[in-house]
Amino acid sequence: MQILRAFLGSNAVFAYFDIPWMPIYFVLIFVLYPALSGGALAGGLLVAAFGVLPQKIARPKLQGANEADRRAAILLSGAARNAAALKAMGMMHAISARWHRHNAQVMRLQTRASRRVGLIHSVSKSTRIGLQVVIYAVGAYLAITHQS
(Lines give C-alpha, C1' and ligand atoms only; values in the text may rest on other atoms or scores of the structure.)
Protein backbone atom coordinates (compact mmCIF):
# COMPACT_ATOMS: atom_id res chain seq x y z
CA MET A 1 0.00 0.00 0.00
CA GLN A 2 2.88 2.34 0.81
CA ILE A 3 4.42 1.77 -2.64
CA LEU A 4 1.15 2.69 -4.34
CA ARG A 5 0.79 5.79 -2.16
CA ALA A 6 4.36 6.84 -2.92
CA PHE A 7 3.81 6.30 -6.65
CA LEU A 8 0.55 8.28 -6.75
CA GLY A 9 2.20 11.14 -4.87
CA SER A 10 5.23 11.26 -7.12
CA ASN A 11 6.08 13.12 -10.31
CA ALA A 12 5.92 9.81 -12.19
CA VAL A 13 2.14 10.13 -12.40
CA PHE A 14 2.43 13.46 -14.22
CA ALA A 15 5.07 12.02 -16.52
CA TYR A 16 2.61 9.36 -17.64
CA PHE A 17 0.12 12.06 -18.60
CA ASP A 18 2.82 13.91 -20.55
CA ILE A 19 4.14 10.86 -22.40
CA PRO A 20 1.47 10.81 -25.15
CA TRP A 21 2.19 14.49 -25.92
CA MET A 22 5.98 14.25 -25.94
CA PRO A 23 6.32 13.05 -29.57
CA ILE A 24 4.11 15.93 -30.71
CA TYR A 25 6.26 18.44 -28.82
CA PHE A 26 9.47 16.96 -30.21
CA VAL A 27 8.13 17.05 -33.77
CA LEU A 28 7.04 20.68 -33.33
CA ILE A 29 10.44 21.63 -31.94
CA PHE A 30 12.18 19.82 -34.80
CA VAL A 31 9.95 21.51 -37.40
CA LEU A 32 10.40 24.99 -35.92
CA TYR A 33 14.06 24.78 -34.88
CA PRO A 34 15.95 21.59 -35.77
CA ALA A 35 18.96 22.80 -33.77
CA LEU A 36 16.90 22.55 -30.57
CA SER A 37 15.53 19.06 -31.20
CA GLY A 38 18.57 17.20 -29.83
CA GLY A 39 18.60 19.20 -26.61
CA ALA A 40 14.85 18.84 -26.23
CA LEU A 41 15.05 15.08 -26.74
CA ALA A 42 17.88 14.74 -24.22
CA GLY A 43 15.93 16.87 -21.75
CA GLY A 44 12.82 14.77 -22.28
CA LEU A 45 14.73 11.59 -21.58
CA LEU A 46 16.27 13.17 -18.47
CA VAL A 47 12.85 14.21 -17.15
CA ALA A 48 11.48 10.72 -17.88
CA ALA A 49 14.38 9.22 -15.93
CA PHE A 50 13.58 11.53 -13.01
CA GLY A 51 10.03 10.19 -13.11
CA VAL A 52 11.17 6.59 -12.70
CA LEU A 53 14.20 7.08 -10.45
CA PRO A 54 12.34 7.82 -7.18
CA GLN A 55 10.54 4.48 -7.32
CA LYS A 56 13.79 2.60 -7.91
CA ILE A 57 15.51 4.37 -5.02
CA ALA A 58 12.64 4.30 -2.52
CA ARG A 59 11.45 0.73 -3.12
CA PRO A 60 14.07 -1.09 -0.96
CA LYS A 61 13.56 1.28 1.98
CA LEU A 62 9.78 1.07 1.73
CA GLN A 63 9.85 -2.72 1.49
CA GLY A 64 12.01 -2.83 4.62
CA ALA A 65 9.61 -0.44 6.36
CA ASN A 66 6.63 -2.58 5.37
CA GLU A 67 8.35 -5.70 6.70
CA ALA A 68 9.19 -3.99 10.01
CA ASP A 69 5.61 -2.69 10.20
CA ARG A 70 4.29 -6.22 9.63
CA ARG A 71 6.49 -7.56 12.44
CA ALA A 72 5.31 -4.79 14.75
CA ALA A 73 1.66 -5.53 13.91
CA ILE A 74 2.15 -9.26 14.62
CA LEU A 75 3.82 -8.42 17.93
CA LEU A 76 1.04 -6.02 18.87
CA SER A 77 -1.67 -8.50 17.88
CA GLY A 78 -0.12 -11.25 19.99
CA ALA A 79 0.34 -8.89 22.91
CA ALA A 80 -3.31 -7.79 22.71
CA ARG A 81 -4.50 -11.41 22.72
CA ASN A 82 -2.37 -12.25 25.74
CA ALA A 83 -2.51 -8.91 27.56
CA ALA A 84 -3.69 -10.34 30.88
CA ALA A 85 -0.93 -12.97 30.96
CA LEU A 86 1.74 -10.48 29.92
CA LYS A 87 0.62 -8.04 32.61
CA ALA A 88 0.57 -10.77 35.25
CA MET A 89 4.14 -11.80 34.34
CA GLY A 90 5.34 -8.19 34.31
CA MET A 91 6.30 -8.31 30.64
CA MET A 92 4.30 -5.31 29.40
CA HIS A 93 7.30 -2.98 29.55
CA ALA A 94 9.48 -5.40 27.55
CA ILE A 95 6.77 -5.94 24.91
CA SER A 96 6.21 -2.19 24.70
CA ALA A 97 9.94 -1.53 24.27
CA ARG A 98 10.15 -4.20 21.57
CA TRP A 99 7.20 -2.68 19.69
CA HIS A 100 8.78 0.79 19.95
CA ARG A 101 12.01 -0.57 18.39
CA HIS A 102 10.05 -2.02 15.47
CA ASN A 103 8.09 1.21 15.06
CA ALA A 104 11.26 3.32 15.22
CA GLN A 105 12.76 1.21 12.43
CA VAL A 106 9.61 1.75 10.33
CA MET A 107 9.81 5.52 10.85
CA ARG A 108 13.55 5.61 10.14
CA LEU A 109 13.21 3.71 6.85
CA GLN A 110 10.20 5.73 5.71
CA THR A 111 11.95 8.99 6.57
CA ARG A 112 15.07 8.00 4.60
CA ALA A 113 12.97 7.03 1.59
CA SER A 114 10.97 10.25 1.83
CA ARG A 115 14.09 12.41 2.02
CA ARG A 116 15.72 10.73 -0.95
CA VAL A 117 12.57 10.98 -3.05
CA GLY A 118 12.09 14.60 -1.99
CA LEU A 119 15.60 15.46 -3.11
CA ILE A 120 15.05 13.78 -6.47
CA HIS A 121 11.73 15.61 -6.90
CA SER A 122 13.42 18.93 -6.18
CA VAL A 123 16.19 18.27 -8.68
CA SER A 124 13.63 17.04 -11.21
CA LYS A 125 11.47 20.14 -10.88
CA SER A 126 14.47 22.45 -11.15
CA THR A 127 15.70 20.55 -14.20
CA ARG A 128 12.28 20.66 -15.86
CA ILE A 129 11.88 24.40 -15.31
CA GLY A 130 15.48 25.04 -16.38
CA LEU A 131 14.97 23.05 -19.58
CA GLN A 132 11.80 25.00 -20.36
CA VAL A 133 13.59 28.30 -19.85
CA VAL A 134 16.59 27.26 -21.95
CA ILE A 135 14.47 25.92 -24.81
CA TYR A 136 12.29 29.03 -24.76
CA ALA A 137 15.27 31.39 -24.61
CA VAL A 138 17.18 29.63 -27.39
CA GLY A 139 14.00 29.44 -29.48
CA ALA A 140 13.35 33.15 -28.96
CA TYR A 141 16.97 33.94 -29.87
CA LEU A 142 16.76 31.83 -33.01
CA ALA A 143 13.47 33.48 -33.96
CA ILE A 144 14.95 36.96 -33.56
CA THR A 145 18.15 36.15 -35.46
CA HIS A 146 16.26 34.52 -38.35
CA GLN A 147 13.94 37.50 -38.78
CA SER A 148 16.76 39.97 -39.35
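Within helix α4, Arg-70 and Glu-67 are separated by three residues, about one turn of the helix. In this predicted model, the two side chains form a salt bridge whose closest N and O atoms lie 2.5 Å apart. Glu-67 forms a further salt bridge with Arg-71, for which the closest N and O atoms are 3.7 Å apart. Arg-71 likewise belongs to helix α4 and is placed four residues from Glu-67, again about one turn of the helix. An α-helix has 3.6 residues a turn, so residues three or four places apart point the same way. The structure holds two salt bridges, and Glu-67, Arg-70 and Arg-71 are linked through such bridges in a network.

Helix α6 spans residues 92-147 and comprises 56 residues. The distance from the first C-alpha of α6 to the last is 81 Å, close to the 82 Å expected at 1.5 Å a residue. Buried positions in this helix are Ile-95, His-102, Val-106, Leu-109, Ala-113, Val-117, Ile-120, His-121, Ser-124, Thr-127, Gly-139 and Leu-142. The cover over these buried residues includes α4 (34-81) and α5 (83-88).

Thr-127 illustrates the buried positions of helix α6. Its relative accessible area is 19%, and Thr-127 is therefore assigned as buried, since the cut-off is under 20%. When neighbours within four places in sequence are set aside, Thr-127 is in contact with Leu-46 and Phe-50.

A nonpolar patch is present on the surface, formed by Trp-21, Ile-24, Tyr-25, Val-27, Leu-28, Phe-30, Val-31 and Leu-32. Together, these residues present about 860 Å² of accessible area. Leu-32, one of the patch residues, is found in helix α3, which covers residues 22-32. The relative accessible area of Leu-32 is 59%, so this residue is exposed, the threshold being over 50%.

Leu-41 is found in helix α4, and because its relative accessible area is 43%, Leu-41 is classed as partly exposed.

Regarding confidence, the chain has a mean pLDDT of 81, and 89% of its residues reach 70 or more. Confidence is lowest in helix α1 (residues 2-8), where the mean is 63. The highest confidence is found in α6, at 85.

Definitions and conventions
Residues numbered from 1 in each chain as written. Predicted model: local features only at pLDDT ≥ 70, side-chain atom pairs only at ≥ 80, totals over all residues. Heavy atoms only, no water. Patch = residues over 30% accessible without salt bridge, like charges linked within 9 Å, V, L, I, M, F, W, Y side chains within 5 Å. Areas by Shrake-Rupley, 256 points an atom, 1.4 Å probe, with all protein chains shown as cover. Salt bridge = Lys/Arg side-chain N within 4 Å of Asp/Glu carboxyl O. Helix = DSSP H or I, 4+ residues; strand = E, 2+ residues; numbered from the N terminus. Buried < 20%, exposed > 50% of the residue type's maximum accessible area, 1.4 Å probe, protein only. Expected span 1.5 Å × (residues − 1). Contact = heavy atoms within 4.5 Å. pLDDT = per-residue confidence, 0-100.
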